[in-house]
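Hello,

Here is the structure I promised to pass on to you. Please open it beside this email, and then read on for what turned up in it.

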Amino acid sequence: MKGVVSKVMGLYCTVYCDAIYINCVMRGKLRQLIEAGSKKFSNIIAVGDEVVITKLDDGSGVIEEILPRRNYFSRKEKGKHKKIDMIAANCDCVVAMQSFALPRLNLRFVDRIAVRCVEQNIPLVVCINKCDLAKKKDYEYVTNYYKSTDVTVIISSVNTSYNIHALQDILHQKTSVIVGYSGVGKTSILNAMYPQLSLVVGEVSGSTGKGKHTTTNVSMIIIDETTRIIDTPGLREFGIMDIEPHVLGKYFYEFDNYAHKCSFKPCTHDHEPDCEIKRLVQKGIIFEERYISYRNILYSLKDYYATMYS
């Protein structure tokens, strides 16, 4: 039987198969084989993995095989011995959730998510919620930030229902990962799009302005047989420390479009003379704030790799 992993809890998985959920364990030999062959990941199976299972007489199951992944959405934090944390597999779309206020907008955080999406060839949608709290300058900032990219940006409000159906249309017939800070409205938007879910909504802390976790584990929500949402706990950091500094530029959408005009190849778009990306920043074609975000990531990667081997 073939199914898809909808939740992972230590050694146990829930697999959605033939319209039912089956509690499964991984075959011991399979686990040993995967662990021996890969030291790259902290987890050997993820939500979204397509698997082959054997159903037992008691209604539980055994995972016999993990089918090849189309892609995976992951993060890697600092630390010489830290492995890659695979958040989800076989994604059609990643939705990076932000809000205009409570918590405040942070598109530099989204840039890190975007790097991972480009690396894995996963389309990115940026959904900025609470537009009823936004000012004109906030809208202008977002427009300028993404003006030279192909990123899909959805401005939304749960309070007014603005663009809720537009986001729902984008997610239709896809397996989509929802990722972002706690408090930006991930759960509220899911409830607005799919009222039958009745998910528990958390509050934003009055003292910190940050959200409180309501989602505690990565889990797949089956909307129908073709639409699936992978809900994730609120993230406050998103490490991409497995990306080497000299290739970072090709994972910034608009940089890769113009990098062939740089005199140096590869060009890190930092210290090199006659750099096309720096020229476009000076001309205002690429938004300066986005270039600053790129350099911040670049320097953090350079520092990480310099100390890792020292």
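**What was found**

Ala 19 sits in the loop between strand 2 (12–17) and strand 3 (20–26). Although Ala 19 is not a glycine, its phi is positive, at about 70°.

Before going further, please keep in mind that this is a predicted model, in which local features need pLDDT of at least 70, side-chain atom pairs count only at pLDDT 80 or more, and totals for chains, interfaces and linings use all residues. Residues are numbered from 1 along each chain as its sequence is written, and side-chain values use heavy atoms, with hydrogens and water left out.

**The chain as a whole**

The chain has eight helices and 13 strands. Helices (H or I, at least four residues) and strands (E, at least two) are DSSP runs, numbered from the N terminus. The chain's radius of gyration is 21 Å, close to the 19 Å that the globule rule gives for 310 residues, so the chain is as compact as a globular protein of that length. That radius is taken over C-alpha atoms, and the rule is 2.2 Å times the number of residues to the power 0.38. Along its principal axes, the C-alpha trace spans about 70 × 50 × 35 Å.

How much of the chain is buried? Of its 310 residues, 51% count as buried. Contacts (heavy atoms within 4.5 Å) are also worth a look. Among those between residues at least 6 apart in sequence, 65% join residues at least 24 apart.

**Charged pairs**

A search of the whole structure finds 14 salt bridges. A salt bridge is a side-chain nitrogen of Lys or Arg within 4 Å of a carboxyl oxygen of Asp or Glu.

One of them joins Asp 242 and Arg 116, whose closest N and O atoms are 2.7 Å apart. This pair links distant parts of the chain, 126 residues apart: Asp 242 is in the loop between strand 13 (228–231) and helix 6 (253–258), and Arg 116 is in helix 2 (residues 107–120).

Another salt bridge brings together Asp 270 and Arg 295 (3.4 Å, N to O). Asp 270 lies in the loop between helix 6 and helix 7 (276–283), and Arg 295 lies in helix 8 (residues 288–308), 25 residues apart. Asp 270 counts as buried at 13% relative accessibility, while Arg 295 is partly exposed at 29%.

Asp 274 and Arg 279 also meet in a salt bridge, at 2.5 Å from N to O. Asp 274 is partly exposed, with a relative accessible area of 43%, and Arg 279 is partly exposed at 28%. Elsewhere, salt bridges that share partners join Arg 75, Glu 77 and Asp 85 into one network.

**The loop between helix 6 and helix 7**

Ser 263 lies in this loop, and is partly exposed at 42% relative accessible area. Which residues does Ser 263 touch, not counting those up to four places away in sequence? The answer is Pro 273 and Asp 274. The C-alpha atoms of Ser 263 and Asp 274 are separated by 5.8 Å, with the two residues eleven apart along the chain. Pro 266 lies in this loop too, and a cis peptide bond joins Lys 265 to Pro 266, with omega about 0°.

**Backbone details to look up**

Most residues other than glycine have a negative phi, and most peptide bonds are trans. Asn 121 has a positive phi of about 60°. You will find Asn 121 in the loop between helix 2 and strand 9, where it counts as exposed at 68% relative accessibility. A cis peptide bond also joins Leu 102 and Pro 103, with omega about -5°; Pro 103 is in the loop between strand 8 and helix 2.

Note on methods:
Buried means under 20% relative accessible area, exposed over 50%, partly exposed in between (1.4 Å probe, protein chains only).
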